[in-house]
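This report describes a single protein model.

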Amino acid sequence: MTSKGHRRPIPVSSEHDVRNAEEGVGICGTILVVLSYVLCALTFPFSLCIAVKVVQEYERAVIMRLGRILSGGAKGPGLFFVLPCVDTIMKVDLRTVTFDVPPQEILTRDSVVCNSKVHLNDPLQSLVFI
């Protein structure tokens with residue numbers, strides 16, 4: 001925390017950021033996505049039971065396609081179409097949950113002991129950064 005009590009964002013380099021989708025999924029990923037759409041179209045009435053997910057009002061959904069977070073980040077509440085075998089959905093509960101965790105003491109390079117606390121507000125941070 002800074003001196004005024006504001007929290008600083010967690011710095012993340014662009015090479016390790018899973019939201020960095022500059023390269024895309026590639027040709028193999030595109031083929032897998034197309035095959036998944038075809039599979040959903042061929043098994044249409046039955047695929048709705050698997051492909052449609054509901055996210056409650058107090059939850060957010062983080063949808064990952066082939067290990068990369070889809071554009072838009074956390075989505076919700078509402079109905080979502082999730083491609084089978086390609087997409088992974090993770091639900092994050094936004095209700096306040098408290099845990100009695102004592103602060104951890106960290107020893108820095110210059111032998112200074114400092115206390116640390118973690119406070120998360122963003123559903124993406126809770127899944128990706130920790």
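## Burial and surface

A residue is called buried under 20% relative accessible area, exposed over 50%, and partly exposed in between (1.4 Å probe, protein chains only). The model is predicted: local features need pLDDT of at least 70, side-chain atom pairs count only at pLDDT 80 or more, and totals for chains, interfaces and linings use all residues. Residues are numbered from 1 along each chain as its sequence is written, and side-chain values use heavy atoms, with hydrogens and water left out.

Of the 130 residues of the protein, 20% count as buried.

## Fold and contacts

The protein contains 3 helices and 7 strands, and their pattern along the sequence is α-α-β-β-β-β-β-β-β-α. These elements are DSSP runs numbered from the N terminus: helices are H or I with at least four residues, strands E with at least two.

Contacts are defined by heavy atoms within 4.5 Å. Among contacts between residues at least 6 apart in sequence, 63% join residues at least 24 apart.

## The open sheet

An open sheet is formed by 3 strands in the order β3-β2-β5, with antiparallel pairing. Because β3 (68-69) and β5 (87-93) stand at the edges with a single partner strand each, one side of each is left without a neighbour in the sheet.

Two strands are taken to pair if DSSP finds at least two bridges between them. Strand β2 (residues 59-65) and β3 are joined in the antiparallel sense over 2 bridges. R65 has R68, in β3, as its bridge partner.

## Cysteines

A search of the whole structure returns 0 disulfides, a disulfide being a pair of cysteine sulfur atoms within 2.5 Å. The closest cysteine sulfur to that of C40 belongs to C85 and is 8.6 Å away, too far for a bond.

## Aromatic rings

The whole structure holds 0 aromatic pairs. Such a pair requires rings of Phe, Tyr or Trp (its six-membered ring) with centres within 6.5 Å; planes under 30 degrees apart count as stacked, over 60 as edge-to-face and the rest as tilted.

The charged end of R95 does sit over the ring of Y58, 4.0 Å from the ring centre. This assignment requires NZ of Lys or CZ of Arg within 6 Å of the ring centre and within 35 degrees of the ring normal.
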